[in-house]
Amino acid sequence: MTFQGLFISFEGIDGAGKSTHIDALAQAFRSQGRAVTLTREPGGTPLAEKLRVLVLNDAMDAMTEALLVFAARRDHLQQLIEPALARGDVVLCDRFTDATFAYQGGGRGFDLKILSFLEQTVQFIRGPEADLIRSPDLTLWFDLAAETAAQRLAGARSPDKFEAEPVEFFRRVSEGYRQRMAACPGRFARIEADQTREAVWLDVLQAVQAKGWLA
Ligand code: TYD
């Protein structure tokens, strides 16, 4: 049986609690016979993982940050995501371009027009039949108040550069996600993340079932 590739991204501010659900969704797809590629951004390839270490730890201006995450994304698309989709895999990606609009655009205030230009350029894929701008088929946005996320993160582990940002930064990041969803409502499912883990999982499952991708 051959499947059409599926690209699902997971988004939200740090502390929103997306990670466990990515693994659970991978299991759900595998139990229905689908091959799953689990990956993340920045990262997913040896080169992109090196860039991740820089982005998460080194001080730099917003443009440098944006260029590095898009450089990582280009390598990730070419080396991992496109081949996986061509095989018919379900690609589950922990963050993608919406994170750049939310963190570098919303959080850091970097120019959204430049981010859009980079998105159109970096994600341009020449297809056998038609060219396209690769973006997720579905984005699960785990929406949690910045204050609640900060409480969840407090004392959890040693914070990286972003996790160390103040709560106002994450309010702007949330607003960045909200704007991305408003611009593209059909691609997004907003998951109310301030619920028990079980309730969040049911919402995740429902969002994917609503697309007809899981029984
Ligand atoms: P995250 O996905 O939260 O991983 P972990 O669970 O290991 O902390 O960390 C990635 C961080 O990178 C997160 O704080 C958001 C940030 N980020 C950007 O600023 N821009 C981007 O384009 C991406 C993909 C991530």
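Mentor: Take helix α4. It passes helix α7 in a right-handed crossing. This is a predicted model, so keep the confidence values in view as we go. The helix α4 covers residues 97-107, and α7 covers residues 167-183. Their axes come within 8 Å and cross at roughly 130°. Angles over 145 degrees would count as roughly antiparallel, and 65 to 115 as roughly perpendicular. The α4 and α7 pair is therefore oblique.

Now the residues that make this contact. On the α4 side they are T97, D98, A99, F101, A102, Y103, G106 and G107. On the α7 side they are F169, F170, R172, V173, G176, Y177 and R180. By class, the contact of α4 with α7 holds 8 nonpolar, 4 polar and 3 charged residues.

Next, burial. In α4, 11 of the 11 residues are buried, so the helix is largely enclosed by the rest of the structure.

Look at one residue, G107. It is found in α4. G107 is buried, with a relative accessible area of 5%; the cut-off for buried is under 20%. Leaving out residues up to four places away in sequence, G107 touches A102, F169, R172 and V173. F169, R172 and V173 are among the α7 residues of the helix contact. For a sense of distance, take G107 and A146. They are 39 residues apart in sequence and 12 Å apart in space, C-alpha to C-alpha.

Now the two flanks. R95 has a positive phi of about 80°, although it is not a glycine. Most residues other than glycine have a negative phi. R95 is also buried, with a relative accessible area of 13%. Behind the helix, α4 is followed by G109, whose phi is positive too, near 80°.

How far can the model be trusted here, by its own confidence? The mean pLDDT of the chain is 97, and 100% of its residues reach 70 or more. Confidence is highest in α4, at 99. It is lowest in helix α6 (residues 146-153), at a mean of 95.

For comparison, consider another helix pair. Helix α1 (residues 19-31) and helix α8 (residues 197-210) have axes that come within 11 Å and cross at roughly 50°. That makes α1 oblique to α8. The α1 and α8 crossing is right-handed. From α1, the contact uses T20, H21, A24, L25, A28 and F29. From α8, it uses R197, V200, W201, V204 and V208. By class, this contact has 8 nonpolar, 2 polar and 1 charged residues.

The peptide bond from E41 to P42 is cis, with omega near -10°. P42 sits in the loop between β2 (36-40) and α2 (46-57). Most peptide bonds are trans.

How values were computed. Residues are numbered from 1 along each chain as its sequence is written. This is a predicted model: local features need pLDDT of at least 70, side-chain atom pairs count only at pLDDT 80 or more; totals for chains, interfaces and linings use all residues. Side-chain values use heavy atoms; hydrogens and water are left out. Axes are lines fitted to C-alpha atoms, for helices over the stretch in contact, and angles run from 0 to 180 degrees between N-to-C directions. Helices (H or I, at least four residues) and strands (E, at least two) are DSSP runs, numbered from the N terminus. Angles under 35 degrees count as roughly parallel, over 145 as roughly antiparallel, 65 to 115 as roughly perpendicular and the rest as oblique. A crossing is left-handed if the near helix is turned anticlockwise from the far one by less than a right angle, and right-handed if clockwise. Contact means heavy atoms within 4.5 Å. Ala, Val, Leu, Ile, Met, Phe, Trp, Tyr, Cys and Pro count as nonpolar, Asp, Glu, Lys and Arg as charged, and the others, Gly among them, as polar. Buried means under 20% relative accessible area, exposed over 50%, partly exposed in between (1.4 Å probe, protein chains only). pLDDT is the predictor's confidence in each residue, from 0 to 100.
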